[in-house]
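Here is a short tour for anyone meeting this protein for the first time. Have a look at the sequence and the model, then read on.

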Amino acid sequence: MAKQEKPQDPAASKKKLDDASHKGHRLRVKEKFLQKGLDPFYPHEVLELLLFFAVPYKDTNPLAHRLIEQFGSLSGVFDAPVEDLEKVLGSTRHVATLCKLIPEMARVYLDDKQSKEVLLEDTESIGNWLIRKFIGRKNEVVILTLTDSQYRIVFCDVVSEGDLDSVALPVRRIMELVVRYHAAHVVLAHNHPSGNSLPSRGDIQATRELCRALASLHMSLEDHFIITENQYLSLAEQGLLEHILSAFD
């Protein structure tokens, strides 16, 4: 007797077709990126492509739309707190982690690509260099940059991290690094995540303490920068550093 074939499950058949169609869509989107880059992509399409690597086997377009609607822009998504990202319908810890990785990766990429090419000879070159160092940072951090007599970088790294609105200045550690690297020029920078670039009383006092310590080595602070999202304020340009240094003449 001939064996009867089982009737196909319509739902299962539809799922196979949907999976095949979605797989084809992902391949087309990836190929579009490889051929043309991200220029022809809308913001939600950029995010949709990125989410391919955190959300397997599902259409990431609706989630991309929801994330941008919730946080206002592509950069808003990447800057959002992990807990808020996870609350969006369809999001997961993997999605939140990937989104938070982007600004951090951008900073590391720029640092690596340009670290051997930069000469910090003037306020503009130093300020633009430092802005990139603070990409993706949500807490206040202090970054120390040391250069040799030819303004080549011999050290540049975070020396202290605080919270959203304050950070301690580790004067002793800075002095140790200045001596260790035989620095000729010392540049200090810290960020204001609030977006207000004006120096606080604490900023001025911390700068004064570092200047006093450097004076013991017969050195002076080249500049202290306050960094906001896309801007910098130079205490030297504002005349504040000259006023502080005059006390040690």
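Two strands count as paired if DSSP finds at least two bridges between them. Helices (H or I, at least four residues) and strands (E, at least two) are DSSP runs, numbered from the N terminus. This is a predicted model, where local features need pLDDT of at least 70, side-chain atom pairs count only at pLDDT 80 or more, and totals for chains, interfaces and linings use all residues. Residues are numbered from 1 along each chain as its sequence is written, and side-chain values use heavy atoms, with hydrogens and water left out.

**Strand β1 and its partners**

Let's start with β1, which covers residues 141–147. On one side, β1 is joined to strand β3 (residues 185–191) by 6 bridges, and the two run antiparallel. Within that pairing, Leu 144 sits opposite Leu 188 of β3. β1 also has 7 bridges to strand β2 (residues 153–161), again antiparallel. There, Ile 143 has Val 158 in β2 as its bridge partner.

How many of the residues of β1 are buried? The count is 7 of 7, where buried means under 20% relative accessible area, exposed over 50%, and partly exposed in between (1.4 Å probe, protein chains only). In a regular strand, side chains alternate between the two faces of the sheet. Here both faces are covered: Val 141, Ile 143, Thr 145 and Thr 147 point to one side, while Val 142, Leu 144 and Leu 146 point to the other.

**Salt bridges**

Now for the charged pairs. A salt bridge is a side-chain nitrogen of Lys or Arg within 4 Å of a carboxyl oxygen of Asp or Glu, and by this rule the model has 5. The table lists some of them, including one that involves Lys 138.

| Lys 138 | Asp 79 | 3.7 Å |

Lys 138 is partly exposed at 39% relative accessibility, and Asp 79 is partly exposed at 27%.

In the second pair, Arg 93 is exposed at 52%, whereas Glu 86 is partly exposed at 29%. As for the third, Asp 148 is buried at 16%, while Arg 152 is partly exposed at 46%.
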